[in-house]
Amino acid sequence: MRDVASLSMQPDDETRTREIGRSLFAGVRQRQPAPGSRAWWDDFGMAWTMRDDHVKVPLFRFVDALPGLRTPREIALHLCEYLGPVADRLPFPAAALLRRLPESAVLQRIAAHLAATGVRQLAHRFIAGDDLPRITHRVESLRRQHLAFTVDLLGEAVISASEADAYRDAYLDLIDGLAQAARRWTPDAQIDTDHRATFLPMVNISLKVSALTHRFDPA
């Protein structure tokens, strides 16, 4: 059995690790979006959303419900239901708007527009698209920036065999479509090979087991 002390990081390793870390962080800072740009506002909104768990949880619950809401009044009432209990933790203008929503149809329309626009702005960073051409365009854009990707399908647990079959077919279509597109991609050594120059798959798909069977049991 090896001595534990011999497994510790050597000084040269520590120095090199720190150099790599500083280089990575320097690269990240260089990629910061310009102040006031769309990407800057996206980062600002995401940072604000994630900083307070008391706000983050009800806000993401509202986002989850938003696609099923059809009218400005429905959106406004759900905003009040989810965010009303944490209004004192919101910026003053948002809290004031929230308190007046139930009584003003005009404010309901304004709030519905702002909510839908804000969600779309944040979602475009994480949702590649709703069909294969859009997804392909998005991942090809990432590759041009020397960024690798993994794609999955929105949704989680299914409650019927027909839903599971639909997810299976959608995954197969996604895998086949991206594999076809990958045939025309130019290999990029930065993301398509590892540190030993071993080739890595260009297409990566994340599968949710819970979406492939309605009888899934975590145990």
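Phenylalanine 149 and tryptophan 185 are both buried. They belong to a predicted model, and this model holds 1 aromatic pair. The largest nonpolar core has 20 residues, and a second, separate core has 17.

**The aromatic pair**

- The ring centres of phenylalanine 149 and tryptophan 185 lie 6.1 Å apart with the planes at 80°, so the pair counts as edge-to-face.
- Distant parts of the chain are linked by this pair, whose two residues are 36 residues apart.
- Phenylalanine 149 sits in the loop between α7 (132–144) and α8 (161–182), while tryptophan 185 sits in the loop between α8 and α9 (189–192).

**The nonpolar cores**

- Within the largest core, the residues with the most contacts are Phe62, Ile75, Leu79, Leu83, Leu90, Leu98 and Leu101.
- Two or more residues of this core come from each of α3 (53–65), α4 (72–83), α5 (92–100) and α6 (105–123).
- The element that gives the most is α4, with 5 residues.
- Beyond its neighbours within four places in sequence, isoleucine 75 is in contact with Phe62, Leu66, Leu69, Ala112 and Ala115.
- In soluble globular proteins, nonpolar side chains tend to be buried together.

**Helix α8**

- With 22 residues at 1.5 Å a residue, α8 should span 32 Å, and this agrees with the 31 Å between its end C-alpha atoms.
- The buried residues in α8 include Ala164, Tyr167, Tyr171, Leu174, Gly177, Leu178, Ala181 and Ala182.
- These residues cover an arc of only 160° around the axis, so they are on the same side of α8.
- An α-helix has 3.6 residues a turn, so residues three or four places apart point the same way.
- Ser162 and Asp173, on the other side of α8, are exposed.
- The packing partner of the buried residues of α8 is α7.

**Lysine 56**

- Lysine 56 is placed in helix α3.
- Its side chain makes a polar contact of 3.0 Å with the side chain of aspartate 53.
- Leaving out residues up to four places away in sequence, lysine 56 touches Thr49 and Met50.
- Lysine 56 and leucine 83 are 27 residues apart along the chain, and their C-alpha atoms are separated by 9.7 Å.
- Leucine 83 is also among the residues with the most contacts inside the largest core.

How values were computed: Residues are numbered from 1 along each chain as its sequence is written. This is a predicted model: local features need pLDDT of at least 70, side-chain atom pairs count only at pLDDT 80 or more; totals for chains, interfaces and linings use all residues. Side-chain values use heavy atoms; hydrogens and water are left out. A nonpolar core is a set of buried Ala, Val, Leu, Ile, Met, Phe, Trp, Tyr and Cys residues joined through side-chain atoms within 4.5 Å. Buried means under 20% relative accessible area, exposed over 50%, partly exposed in between (1.4 Å probe, protein chains only). Helices (H or I, at least four residues) and strands (E, at least two) are DSSP runs, numbered from the N terminus. Contact means heavy atoms within 4.5 Å. Rings of Phe, Tyr and Trp (its six-membered ring) pair if their centres lie within 6.5 Å; planes under 30 degrees apart count as stacked, over 60 as edge-to-face and the rest as tilted. A polar contact is a pair of N or O atoms within 3.5 Å; within protein, one must be able to donate a hydrogen and the other to accept it, and residues adjacent in sequence count only if both atoms are side-chain atoms. The expected span of a helix is 1.5 Å times one less than its number of residues. The arc is that of the directions from the helix axis to the C-beta atoms.
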